[in-house]
Amino acid sequence: MSLATNSADSRINWRPFMLVLGSFLPLLYWHIGGLLEKPHYQFLFLLPVAVWLLSSSSDLKIGQSQSKRWELVAGTLLLLIALLGLAGGAWIWSPWVAAVAFQLGWAGVLLSNGGWLCLRGWLPIWLFCWIIIPLPFGMDEDLIVRLRGFTTRMSSAVLDQIGLLHNSYANVIELPGKPLFIADACSGIHSLYVLMATALFISAWGRRSFIHSALLLGSTFGLVLVENVGRIVCVAVAWDNGRDWSEGTSHELLGIVLFVLSLFLIFTTDQLLQFFFPANAPGLMQRIALLREGQGAGSKYT
């Protein structure tokens, strides 16, 4: 009898989420389809696999505990805001607004169904799913332009240091007899999103702390910049030695080698941060409490 009751409760608790998902599905379809048309978001094909891996490694509970009053009110409020966002996104035809509202909506469903403990269990997956939300107001395109310019300037500076003859202007590095146009692939916009998503997945998989995750994402961003400057420098040095690595199989192999090396460095950076910020280390509030207890114990014996 108890098993049947628990099974029925589980089915009932999933119904609000399925209703929310169903209402958002059309605009989510357009949103994901638009992202997949961009080369730097094609890694989203692996999103279902990543979510499945995260969910299989987590202790996810729906409806295992009764929500408190404030949790029910907060969850309902989030759900109402999400539905308003869905209506607004449909009115102005903005799949991006609908995707943001969807994130708020299923957080509200989790909070109202299982309380904060339930939402905290799903929090790594919920945060990871924010990778489907690109930067607003065309900031993605601005980032592409800025990365192109940064890659050009830094590559030119490195080539100056190693004494390689070249001329740089706009997004072009001109070698003797060979102009190198700094395209999106060379400016890091493709590998940036993939490697940042990888770092976020590692943080979610390992339940890393906020400081650990922020430092890992920041170091990954810097690593991508170094990787792409290194790619341009390698192509320039190869051309100076009579080899053309700017296109064809050699160019693809160079990109793969640098990408795999970047993945390895992300994993090693995560392990280094794990040494400084171990998972079982007390948080800030716990450290303050321990410090107060230590001061109280010291005053007792003085």
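Asp244 is partly exposed, because its relative accessible area is 31%. On that scale, buried means under 20% relative accessible area, exposed means over 50%, and partly exposed is what lies in between, with a 1.4 Å probe and protein chains only. Asp244 has a partner: its side chain meets that of Lys178 in a salt bridge, at 3.7 Å from N to O. By salt bridge I mean a side-chain nitrogen of Lys or Arg within 4 Å of a carboxyl oxygen of Asp or Glu. Lys178 lies in strand β3, residues 178-181, and Asp244 in the loop between α8 and α9, so this pair ties together parts that are 66 residues apart in sequence. Lys178 counts as buried because its relative accessibility is 17%.

A word on what we are looking at. This is a predicted model, in which local features need pLDDT of at least 70 and side-chain atom pairs count only at pLDDT 80 or more, while totals for chains, interfaces and linings use all residues. Residues are numbered from 1 along each chain as its sequence is written, and side-chain values use heavy atoms, with hydrogens and water left out.

Now the overall layout. The chain has 10 helices and 3 strands. Helices (H or I, at least four residues) and strands (E, at least two) are DSSP runs, numbered from the N terminus. Read from the N terminus on, the order is α-α-α-α-α-β-β-β-α-α-α-α-α. There are 302 residues in the chain, and buried ones make up 37% of them. Contact here means heavy atoms within 4.5 Å. Among contacts between residues at least 6 apart in sequence, 74% join residues at least 24 apart.

Back to the charged pairs. How many salt bridges does the rule give? The count comes to 3. In general, side chains of opposite charge can pair when their charged atoms come close. Besides the pair I began with, Arg208 forms a salt bridge with Asp270, with the closest N and O atoms 2.9 Å apart. Arg208 sits in the loop between α7 and α8 and Asp270 in helix α9, 62 residues apart, and the pair links these distant parts of the chain. Is Asp270 buried or exposed? At 2% relative accessibility, Asp270 counts as buried.

Glu227 and Arg231 also meet through their side chains in a salt bridge, at 3.1 Å from N to O. Both are in helix α8 and 4 residues apart, so about one helical turn separates them. Glu227 counts as buried at 5% relative accessibility, and Arg231 counts as buried at 8%.

Next, how α8 packs. Helix α8 covers residues 210-240 and helix α9 covers residues 248-276; they pack at an angle of about 155°, with axes 10 Å apart. The axes are lines fitted to C-alpha atoms, for helices over the stretch in contact, and angles run from 0 to 180 degrees between N-to-C directions. Therefore α8 and α9 are roughly antiparallel to each other. For these words, angles under 35 degrees count as roughly parallel, over 145 as roughly antiparallel, 65 to 115 as roughly perpendicular, and the rest as oblique.

The residues of α8 that meet α9 include Glu227 and Arg231, and those on the α9 side include Asp270. The residues of this contact divide into 11 nonpolar, 8 polar and 3 charged. Here Ala, Val, Leu, Ile, Met, Phe, Trp, Tyr, Cys and Pro count as nonpolar, Asp, Glu, Lys and Arg as charged, and the others, Gly among them, as polar.

Helix α5, residues 139-161, also packs against α8, at an angle of about 55° with axes 9 Å apart. That makes α5 oblique to α8. Among the residues making the contact are Leu147, Phe150 and Met154 of α5, and Leu225, Val229 and Ile232 of α8. The residues of the contact of α5 with α8 divide into 10 nonpolar, 3 polar and no charged.

Last, some single residues. Ala197 is found in helix α7, residues 189-205. Ala197 counts as buried, at 9% relative accessibility. Which residues does Ala197 contact, leaving aside its neighbours within four places in sequence? They are Phe43, Phe128 and Ile131. Ala197 and Phe43 are 154 residues apart in sequence, and 8.9 Å apart in space from C-alpha to C-alpha.

Arg207 is not a glycine, yet has a positive phi of about 50°. Arg207 lies in the loop between α7 and α8 and counts as partly exposed, at 35% relative accessibility.
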